[in-house]
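Subject: A structure for you to explore

Hi there,

Here is the structure I promised to pass on to you. Have a look at it first, and then read on for what I found.

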Amino acid sequence: MNGERVKMGIMGLDDMLGGGLIPGSICSIIGTYGTGKTTFSLEFAWEGLKKGENVIYISLEEREERIVTYMQQKGWDVKPYLNRSLYVIKLDPTDFNLANNRIKNELPKLIEEVKAHRVVIDPISLFEDLFTTDFERRQEMFRFVEGLRDKKCTIMMTSETDRDNVFASRHALIEYLSDTVILLRYVRPSDLTDVHLALEVVKMRMSAHSREIKPYELMQDQVLVYSEANVF
Ligand SMILES: Nc1ncnc2c1ncn2[C@@H]1O[C@H](COP(=O)(O)OP(=O)(O)OP(=O)(O)O)[C@@H](O)[C@H]1O
Ligand SMILES: [Mg+2]
C-alpha cells in the first residue's frame, strides 16, 4: 500500500515498518514490564503533536498528571497542546461497567468530536482482564476493534505479555485483531553479563516490513533502535 505513513517517531523502527504505520491502522506493542511500552506510546503521541495532529492518550495505569510529567521530563513542552490537541484520560481498570462504557461508547464519540489522528490505549491488557470469560473477551474486543476501524485515526494499543510466553500478549488476542504487531523483549546473553532489549515487527498487514530482531535502548529523551546492529 502506498501513500504517506504515520511515523511512530522512533528512528530505526519507522524504517523497519517501511516508513511508519499505515494511516487508520491498528498497532499493538507487546512486551513484559519495563520493556518500554509506555515510552513507545509517548513517542507516538508526541510525534503526532509535533505534526499538528490531535491525540487521545488513554492510560489504564497512570494518572493524567503523571503522563504529562513523563512527557515534560523528556524535554517535550506539552502544556500548550493539553486539551487543545492532546487529550489525556485516566481510565479506572477496576470498575468494569465504567471502563467498558468509556472504552466502548465514549471513546468512539470522543475520537469524532476532537477529530483525533492518533489514539493510544496503554495498556489494553488491563481492560481485557475485566472480562470473565474468554468468549466474552473475544467477542467484545472484536466488536470494539472493528468499531475503531471505521474511524480515520491510527491506533496504538499496548499489552503485557503472557506469563508463560514472552511472544504472546496477555490474552493472545490483540495480535490477531491488530494490523501491526511489534514485540519488545529482554534478551539475556549466555554469559549473563548484562540484559539487552530487542524488538521485532512480527506482523504488518498490507505491507512489507523488516523481520530482523534489532536491539534498542530507552534513553531519557528518545528511543534508540540500532538498526545496523544484530542481537544474536
Ligand atoms: N530517564 C530515563 N533514562 C533512561 N532509561 C529510562 C528512563 N526512564 C525510564 N527508563 C527505562 O524505561 C523503563 C520503563 O519503560 P516503560 O515504562 O516505557 O515500560 P513499560 O513496558 O511501559 O513498563 P510497564 O509494563 O511496567 O508499564 C525503565 O525500566 C527504564 O529501564
Ligand atoms: Mg507502561
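This is a predicted model: local features need pLDDT of at least 70, side-chain atom pairs count only at pLDDT 80 or more; totals for chains, interfaces and linings use all residues.

S8 (residues 180–187) and S9 (residues 196–204) are antiparallel partners, joined over 8 bridges. If you want a place to look, find Ile-182, which stands opposite Val-201 in S9. The whole open sheet has 9 strands in the order S3-S2-S4-S5-S1-S8-S9-S10-S11, and its pairing is mixed. At the edges stand S3 (86–90) and S11 (223–225); each has a single partner strand, so one side of each lacks a neighbour in the sheet. From one strand to the next, the twist averages 20°.

S5 pairs with S1 (residues 26–31) in the parallel sense over 5 bridges, and Ile-30 has Ser-159 in S5 as its bridge partner. S4 (residues 118–122) also runs parallel to S5, and 4 bridges join the two. Here Val-119 stands opposite Ile-155 in S5.

How many of the residues of S5 (residues 154–159) are buried? The count is 6 of the 6, so this strand is largely enclosed by the rest of the structure. In a regular strand, side chains alternate between the two faces of the sheet. In S5 both faces are covered: Thr-154, Met-156 and Thr-158 are buried on one side, and Ile-155, Met-157 and Ser-159 are buried on the other.

Next, the nonpolar cores. The largest one has 36 residues, and those touching the most other members are Met-8, Leu-13, Phe-40 and Met-71. Helix H2 supplies the largest share of this core, with 6 residues. Apart from it lies another core of 33 residues, including Ile-58, Ile-124, Phe-131 and Ile-155.

One residue of H2 (residues 37–50) to click on is Leu-42. Leu-42 has a relative accessible area of 3%, so this residue counts as buried, the limit being under 20%. Setting aside residues up to four places away in sequence, Leu-42 touches Tyr-57, Ile-67, Tyr-70, Met-71, Lys-74 and Trp-76. With the same exclusion, the contacts of Met-71 include Leu-42, Ala-45, Trp-46 and Leu-49.

Finally, back to charged pairs, because a search of the whole structure finds 17 salt bridges. In one of them, the side chains of Glu-47 and Lys-50 meet at 3.6 Å, N to O. These two are 3 residues apart in H2, so about one helical turn separates them. Glu-47 counts as buried at 13% relative accessibility. Another salt bridge joins Arg-149 and Glu-146, at 3.1 Å from N to O. Arg-149 is partly exposed, at 25% relative accessible area, and Glu-146 is partly exposed too, at 32%.

Enjoy exploring!

Best wishes

Notes
Residues are numbered from 1 along each chain as its sequence is written. Chains are lettered from A and ligands numbered from 1 in the order in which they are written. Side-chain values use heavy atoms; hydrogens and water are left out. Buried means under 20% relative accessible area, exposed over 50%, partly exposed in between (1.4 Å probe, protein chains only). Contact means heavy atoms within 4.5 Å. Two strands pair if DSSP finds at least two bridges between them. Axes are lines fitted to C-alpha atoms, for helices over the stretch in contact, and angles run from 0 to 180 degrees between N-to-C directions. A nonpolar core is a set of buried Ala, Val, Leu, Ile, Met, Phe, Trp, Tyr and Cys residues joined through side-chain atoms within 4.5 Å. A salt bridge is a side-chain nitrogen of Lys or Arg within 4 Å of a carboxyl oxygen of Asp or Glu.
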